[in-house]
Amino acid sequence: MTWLLEVVWVLIGLPLAVLFWRRFPLTGLLCCLLAVHALVLAVGGHYTYARVPLGGWLQDTLGLARNPYDRFGHLMQGFVPAIGVRELLSRTSPLRGSRWLAPLTVCSCLAFSAGFEMFEWATAVIGGHAADDFLATQGDVWDTQWDMFCALIGATVALLLLSRWHDRQLARLAG
């Protein structure tokens, strides 16, 4: 069940992307980011985020109190959707080129992150201790806030690093 909860986004997103591809093809940048994000989700789902070996190695090497793979997953939860939301808003609304595009993109990513945290909470209420692997709090009482902060950082960094490249790809796609 934990695996399903972790990878459900890939199981929903991939068929939707294929279904709508002719009507709404995605930029190469977004496709690559979605593939990397799917890999991050699949690895997290396979091991559970608190037990991913690479994160365990980093935890031991850097002397961290917890496995950082969960934080990386939430960083990606902001980074990749930021480009997806930006693409959707740029192509379907009057926001392309607007100064509102970036803040609304970040707000959308934060709203998704908060929604996901509520989904985790509901899973914990329903599943009790059986949901501990899915939550991956690793004893951190501030885990929810850190997760949303990581998504904020991811979304902001994605827009700062990739917006110009994304604009060029959007222009090619439109032309």
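# Notebook: helix α2 and its surroundings

I began with α2 and listed its buried residues: Leu29, Leu30, Leu33, His37, Val40, Leu41, Gly44 and Gly45. Seen down the axis of α2, these buried residues fall within an arc of 130°, so they line one face of the helix. I note here that the model is a predicted one.

Next I looked at the opposite side of α2. The face turned away from the buried side carries Cys32, Leu39 and His46, which are exposed. I then asked what covers the buried residues of α2. The cover includes α1 (2–20), α4 and α7.

I checked the length of α2. Just after α2 I found Thr48 with a positive phi of about 70°.

**Val40**

Is Val40 buried or exposed? Its relative accessibility is 7%, so Val40 counts as buried. I left aside neighbours within four places in sequence and listed the contacts of Val40: Tyr49, Tyr69, Phe72, Gly73 and Met76. I also took the distance to Glu6. Val40 and Glu6 are 34 residues apart in sequence, and their C-alpha atoms are 9.9 Å apart in space.

**The core**

I searched for nonpolar cores. The largest one has 20 residues. Leu33, Phe79, Ala82, Ile83 and Leu162 have the most contacts inside this core. Which helices each supply at least two of its residues? They are α2 (28–47), α4 (69–92), α5 (101–127) and α7 (143–174). The largest share comes from α4, with six residues. In soluble globular proteins, nonpolar side chains tend to be buried together.

Apart from neighbours within four places in sequence, Phe79 is in contact with Leu33, Gly154, Ala155, Val157, Ala158 and Leu162. Leu33 is one of the buried residues of α2, and Leu33 is also among the core residues with the most contacts.

**Cysteines**

I looked for disulfides, taking sulfur atoms within 2.5 Å as the cut-off. The count comes to zero. Cys31 is in no disulfide, and the nearest cysteine sulfur, that of Cys32, is 7.0 Å away. Cys32 is likewise in no disulfide, with the sulfur of Cys31 as its nearest at 7.0 Å. Cys31 has a relative accessible area of 29%, so it is partly exposed. Cys32 has 53%, so it is exposed.

**Aromatic pairs**

I searched the whole structure for ring pairs. How many aromatic pairs are there? The search finds seven. I examined Trp146 and Phe149. Their ring centres are 6.0 Å apart and their planes stand at 80°, so the pair is edge-to-face. Both residues lie in α7, three residues apart, about one turn of the helix. I looked up the exposure of each. Trp146 is partly exposed, with a relative accessible area of 42%. Phe149 is partly exposed too, at 41%.

Last, I traced ring pairs that join up. Trp9, Phe112, Phe116 and Phe119 are linked by ring pairs into a cluster.

Methods: Residues numbered from 1 in each chain as written. Heavy atoms only, no water. Core = buried A, V, L, I, M, F, W, Y, C linked by side-chain atoms within 4.5 Å. Buried < 20%, exposed > 50% of the residue type's maximum accessible area, 1.4 Å probe, protein only. Helix = DSSP H or I, 4+ residues; strand = E, 2+ residues; numbered from the N terminus. Contact = heavy atoms within 4.5 Å. Arc of directions from axis to C-beta. Phe/Tyr/Trp six-rings, centres within 6.5 Å; stacked < 30°, edge-to-face > 60°.
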